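This report walks through one protein model for a reader who has not seen it before. Please keep the sequence and the structure in view while reading.

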Amino acid sequence: MAFGETIDGLIIVPPPSPSETNPPLGPMILARVAARYGLNVEVRDLNMEYIRQFMTDVGTSTGGILGDHGKDRALLAAAAGRFFASTGLCPGEAVHVPDTADPRAGMHFDFDTLRRATGRAAAAGSFWENWLAERLFETVPEPPAVVGISIMGPSQVFLALVVARLVKRHWPESVTVLGGSHVTLLAGEMAAEPRYLEFVDHVLPGHSEEGFATLVRRVRAGRPSAPRIAAPPPAAGRFDYHPLAAARQLALYDPSTLTMPLQFTRGCSYGRCTYCTYPVVEPVATRLDAGRAAAAMGALIREHGITRFSVKDSLLTVPMMLSLAEALEKAGVRARWSATTKVTRSLAVHARRLADAGLATLEFGVETVHRRGQELFDKVTAPGIVEEVAAACADSGIAVVLNLIFGLPGETLDEAEYQLAWFAAQRDRSPGLVDGSLNLLEIVRDSPLALRPPPGVELRGIAPWAYCYDWNAPAWRPELADRLRHVELQANALTRPSAVL
Ligand code: SF4
């Protein structure tokens, strides 16, 4: 957009969101679809503007991992810590806090506490009022018709509410809209409780690129507004693969680590894991169009010189990866890319072929190596198969991220230690090529575990904007939580397997 050009719609990405390498995909898809209707929609990546302030403090390094885990964890932890301190939210006022959560990150506060804190943050002369004036309100030549705010997780809720409140003060004629996956999960609650929607005119759950463009056109045409909370759109068999990235937005990112997120299928063909909300957020699994996927990657290489891509599909199966590899080769597209998949033995067979086609990082949802936990999650894979597949990938040059969950109902500390040691053994076997995402089990809104808690699990409550329940988790978990963070941040802090079980 040329400076001074009218903005039909503005989409704001509030901090903190956990990546300094991947620009947010959903807003860029909304911008692309809006552009097809002749609308000028601009993305304001306030998350990255916030994180950039810390880059000189901490220094960045992301190693060789692409995708969600190709990030500087120390940098992001420093930025998030400073952000939470600046909210003025007092942990002592939190409600329904899970055992190891930071209440400000998980938004474990009631409506009144949050209203007071966001009111203070939006007051004239406050830190956030000044920051948003400088980064947002003073940079837009005239009020946009529609201001969308993207909320992908509870950590973004605080500033999203501050922004909505200030938009109504600075641009009273602008229509405010909430969207994003966290909003999709909360849409039912929002319909029943007006306190969610103070300063918000509309909510667009689900993948709302068509709905957002339609709303902007209606507002531009001066027509009466759409329903306050839209119905989730029907799953489209075909959707846009090609994000519209503005040079101004991409300039916020370090070109040496910038990785473009892409999504080629929606939904999950497995769809059974009992801790997962994907089947709620994306209820229908769509098919991959590998030719269009390769074309989108080729276009982004030509437009921006980007050669690193993170495929965000919840589950890219081996046949899908092979067809993408074939399409890339056929189109002459050379790029490095990452994907998330479920462990299957055929990966060991095809790893080298996929590596040759640019597959650089694979994220595996292993979750737990213990059979009882695997059955609880309805996701059973023998650890020996995971070891075989991870080794084959690493030997082919594909970096592997093992997602592991600790602290399940009834799990003992010894079992958790065993799993941590198992992870260390995989990492030690292939130095620099095996990383981990080590998390304690969260029981999350609308997941099967929350809707039908297993015997012995007691859900004690959930705050209105939170993602996770407070539940009667194993008492040793806080002791392990710090170690898991430490292991993620400092690779050499691992316990040798022989030292535990
Ligand atoms: S955890 Fe992954 S594989 Fe399991 S249902 Fe969710 S998206 Fe699908």
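Predicted model: local features only at pLDDT ≥ 70, side-chain atom pairs only at ≥ 80, totals over all residues.

Where the two domains meet, 36 residues of domain 1 are in contact with 43 residues of domain 2. On the side of domain 1 that touches domain 2, the helices α3 (73-86), α5 (111-122) and α8 (181-192) each supply at least two residues, and α8 gives the most, with five residues. By class, the residues on that side of domain 1 divide into 16 nonpolar, 15 polar and five charged.

## The five-stranded sheet

Five strands form an open sheet in the order β2-β1-β3-β4-β5, and the pairing is parallel. The edge strands are β2 (41-44) and β5 (202-204), each of which pairs on one side only. From one strand to the next, the twist of this sheet averages 25 degrees.

Within the sheet, strand β1, made of residues 9-12, runs parallel to strand β3, made of residues 146-150, and four bridges join the two. As a place to look for this pairing, Ile 12 stands opposite Ile 149 in β3.

## A helix across the sheet

Helix α13 (residues 318-331) and helix α14 (residues 346-356) pack with their axes 11 Å apart, at an angle of about 15 degrees. Because angles under 35 degrees count as roughly parallel, α13 and α14 are roughly parallel to each other. The crossing in which α13 passes α14 is left-handed.

Which residues of α13 and α14 make the contact? On α13 they are Val 318, Met 321, Leu 322 and Ala 325, while on α14 they are Ser 346, Leu 347, His 350, Arg 353 and Leu 354. Sorted by class, the contact of α13 with α14 has six nonpolar, two polar and one charged residues.

Key:
Residues numbered from 1 in each chain as written. Axes fitted to C-alpha atoms, helices over the stretch in contact; angles between N-to-C directions. Parallel < 35°, antiparallel > 145°, perpendicular 65-115°, else oblique. Left-handed = near helix turned anticlockwise from the far one by under 90°. Contact = placed C-beta atoms within 7 Å. Nonpolar A, V, L, I, M, F, W, Y, C, P; charged D, E, K, R; others polar. Pairing = 2+ DSSP bridges.
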